[in-house]
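Subject: Structure for you to look at, with notes

Dear colleague,

Please find below the structure that I promised to hand over, followed by my notes on what was found in it. Could you read them with the model open beside you?

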Amino acid sequence: MRTSTKRLAGGLAAAGGAGIATWALVRPRLERWGATDAEVAAKLPGDAHVPNAAIVTTNAVTIHARPADIWPWLAQLGWRRGGLYSYDWLDRLFGYLDRPSAEEVLPDFQQLHVGDTIPIGRGLSWPVLEVEPERALVLELLPGKVTWSFALVPVNGNATRLVTRSRCAPPETLRERLTLMAIEPPAFIMTRKMLLGIKRRAEALARRRAPGG
């Protein structure tokens, strides 16, 4: 029995070590998924709210639509609003949403102001720190510690870069450090899906708004 227990413990330790090593290798690439060198180096709205960030993630996607076709999806983010445009079944499983993310622009949720709060079901609501329609949105995920910003950067008349950045202050305790390590992989997966979800919806809206669409 002791031998089996030792083997099991050794196997779990080896698997854990392999997982940590793999994450250490892929993490630098995931922290800048889709982003150019210039976007990673650029100052974005919201950077000043966590000036001493220990973890900075910049992700981006090209959307073949104008900022006016993208902004409505950001403005209506949230629980009992437009949703999160990621893996809805996971967001609903964890109580962050109570319904599928919207496929249409919701006129009742298009007015967003500094000081407003975006509700996230069972999770902490997200205060709005900065908002500039069709240009930038900055949310505070953890007071004084984690911000999440979205910037819309026109490429030409028919394409826009949606750049998102999260900034996390240095963890103060071992528990905070371990929590950050645990949530980084799923956070990337959900964020990537969210960007692609917004891209699909915005491009569909652009096609409908186009002459003859």
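A salt bridge, as the term is used here, is a side-chain nitrogen of Lys or Arg within 4 Å of a carboxyl oxygen of Asp or Glu. By that criterion, a search of the whole structure finds 12 salt bridges.

Before the details, please keep in mind that this is a predicted model, in which local features need pLDDT of at least 70 and side-chain atom pairs count only at pLDDT 80 or more, while totals for chains, interfaces and linings use all residues. Residues are numbered from 1 along each chain as its sequence is written, and side-chain values use heavy atoms, with hydrogens and water left out.

Overall architecture

The secondary structure comes to five helices and six strands, where helices (H or I, at least four residues) and strands (E, at least two) are DSSP runs numbered from the N terminus. Read from the N terminus on, the order of the elements is α-α-β-α-α-β-β-β-β-β-α. Of the 213 residues, 38% count as buried, a word that stands for under 20% relative accessible area, with exposed meaning over 50% and partly exposed in between (1.4 Å probe, protein chains only).

One of the pairs found is R209 with D69, whose closest N and O atoms are 2.8 Å apart. This pair links distant parts of the chain, since R209 belongs to helix α5 and D69 to helix α3, 140 residues apart.

A second pair is formed by D98 and R80, with 3.0 Å between the closest N and O atoms. Because D98 lies in the loop between α4 and β2 and R80 in the loop between α3 and α4, the pair ties together parts that are 18 residues apart in sequence. D98 is partly exposed, with a relative accessible area of 30%, and R80 is also partly exposed, at 48%. Salt bridges that share partners also join R66, D69 and R209 into one network.

The side chains of D37 and R32 meet in a further salt bridge (2.7 Å, N to O). Here D37 is exposed, with a relative accessible area of 57%, while R32 counts as partly exposed at 29%.

The largest pocket

A pocket is defined on a 1 Å grid over the protein atoms alone, as an open set of points with protein on both sides within 12 Å along at least five of seven lines, and its lining residues have an atom within 4 Å of a point; a cavity, by contrast, is a set of points where a 1.4 Å probe fits but cannot get out. The largest pocket has a volume of about 1,400 Å³, a volume being the space filled by probe spheres set on the grid points, which are joined across faces, edges and corners.

Its lining consists of 42 residues, of which W126, L141, V146, I183 and A187 lie nearest the centre. The elements that give two or more residues to this lining are α1 (2-30), β1 (55-63), α4 (88-93), β4 (136-142), β5 (146-156), β6 (159-168) and α5 (174-209). Helix α5 gives the most, with 13 residues. By class, the lining has 26 nonpolar, eight polar and eight charged residues, where Ala, Val, Leu, Ile, Met, Phe, Trp, Tyr, Cys and Pro count as nonpolar, Asp, Glu, Lys and Arg as charged, and the others, Gly among them, as polar.

Loops and backbone

L77 is placed in the loop between α3 (67-75) and α4, and it counts as buried at 0% relative accessibility. The C-alpha atoms of L77 and F109, which are 32 residues apart along the chain, are separated by 8.4 Å.

Two residues have a positive phi although they are not glycines: R80, at about 55°, and E134, at about 70°. E134 sits in the loop between β3 (126-132) and β4 and counts as partly exposed, at 38% relative accessibility.

With best wishes
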